[in-house]
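Please look over the sequence and the structure shown below before reading on.

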Amino acid sequence: MAAAAEGTFTYTDAAGVSKTSANPPDDYCVVLAGKGEIANDTDKPVGFYKTGDCKEKVASVAKGDSGSVPQYGSVMFSRNNAPQSEPTHAAKPAPRRQQSDSGGGLLGL
């Protein structure tokens, strides 16, 4: 059984629809296109990458944090997703929402 980042991850997909995923996989590159507001209510930081191969990081969001991220093509939850010396854009704080829309998403999560 694959390890998971425990908690929920709410993101805005490429069509602008808010989706919530429970216990997303960690240390695994997930092809997921989107941009905008996210809420990382998991126990792992999440990295956002420009393309679908998790190689060019555009933003990182700490565990339990939220914000707005630029356009991305993949995500990865990992202890190693703390901001590094490579250029990244910090997520901009966004107001927390009480409820979020649920709609499948991240690998059927």
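The sections below treat the overall fold, the nonpolar core, one asparagine and the disulfide.

## Overall fold

The model described here is predicted. The protein contains six strands and zero helices, and its pattern along the sequence reads β-β-β-β-β-β.

Of its 109 residues, 43% count as buried. The protein exposes about 6,100 Å², of which carbon and sulfur atoms supply 51%. Among contacts between residues at least 6 apart in sequence, 62% join residues at least 24 apart.

In soluble globular proteins, nonpolar side chains tend to be buried together. Here the largest nonpolar core comprises 15 residues, and Phe9, Ile38, Phe48 and Tyr72 have the most contacts inside it. At least two residues of this core come from each of strand 1 (7-12), strand 3, strand 4 (46-49), strand 5 (57-61) and strand 6 (65-77). Strand 6 gives the most, with four residues.

Phe48 illustrates these surroundings. Not counting residues up to four places away in sequence, Phe48 touches a set of residues including Phe9, Ile38 and Tyr72. Val58, Ala59, Val61, Val69 and Val75 are also among the residues that Phe48 touches.

## Asn40, a buried polar residue

Asn40 belongs to strand 3 (residues 30-42). Because its relative accessibility is 0%, under the 20% limit, Asn40 counts as buried.

Which backbone oxygens does the side chain of Asn40 reach? A polar atom of this side chain lies 2.9 Å from the backbone oxygen of Lys44, and the side chain of Asn40 also reaches the backbone oxygen of Val61 at 3.3 Å. Leaving aside neighbours within four places in sequence, the contacts of Asn40 include Thr8, Phe9, Pro45, Val46, Gly64, Asp65 and Phe77.

## The disulfide

A disulfide is a covalent bond between the sulfur atoms of two cysteines. A search of the whole structure finds one. It joins Cys29 to Cys54, with an S to S distance of 2.1 Å. The link of Cys29 and Cys54 is right-handed, with 90° about the S-S bond. Cys29 lies in the loop between strand 2 (18-22) and strand 3, and Cys54 in the loop between strand 4 and strand 5, so the pair ties together parts that are 25 residues apart in sequence.

Are the two cysteines buried or partly exposed? Cys29 counts as partly exposed because its relative accessibility is 24%, whereas Cys54 counts as buried because its relative accessibility is 13%.

Notes: Residues are numbered from 1 along each chain as its sequence is written. This is a predicted model: local features need pLDDT of at least 70, side-chain atom pairs count only at pLDDT 80 or more; totals for chains, interfaces and linings use all residues. Side-chain values use heavy atoms; hydrogens and water are left out. Buried means under 20% relative accessible area, exposed over 50%, partly exposed in between (1.4 Å probe, protein chains only). A polar contact is a pair of N or O atoms within 3.5 Å; within protein, one must be able to donate a hydrogen and the other to accept it, and residues adjacent in sequence count only if both atoms are side-chain atoms. Contact means heavy atoms within 4.5 Å. A nonpolar core is a set of buried Ala, Val, Leu, Ile, Met, Phe, Trp, Tyr and Cys residues joined through side-chain atoms within 4.5 Å. A disulfide is a pair of cysteine sulfur atoms within 2.5 Å. Accessible areas come from the Shrake-Rupley method with a 1.4 Å probe; for residues, only the protein chains shown count as cover.
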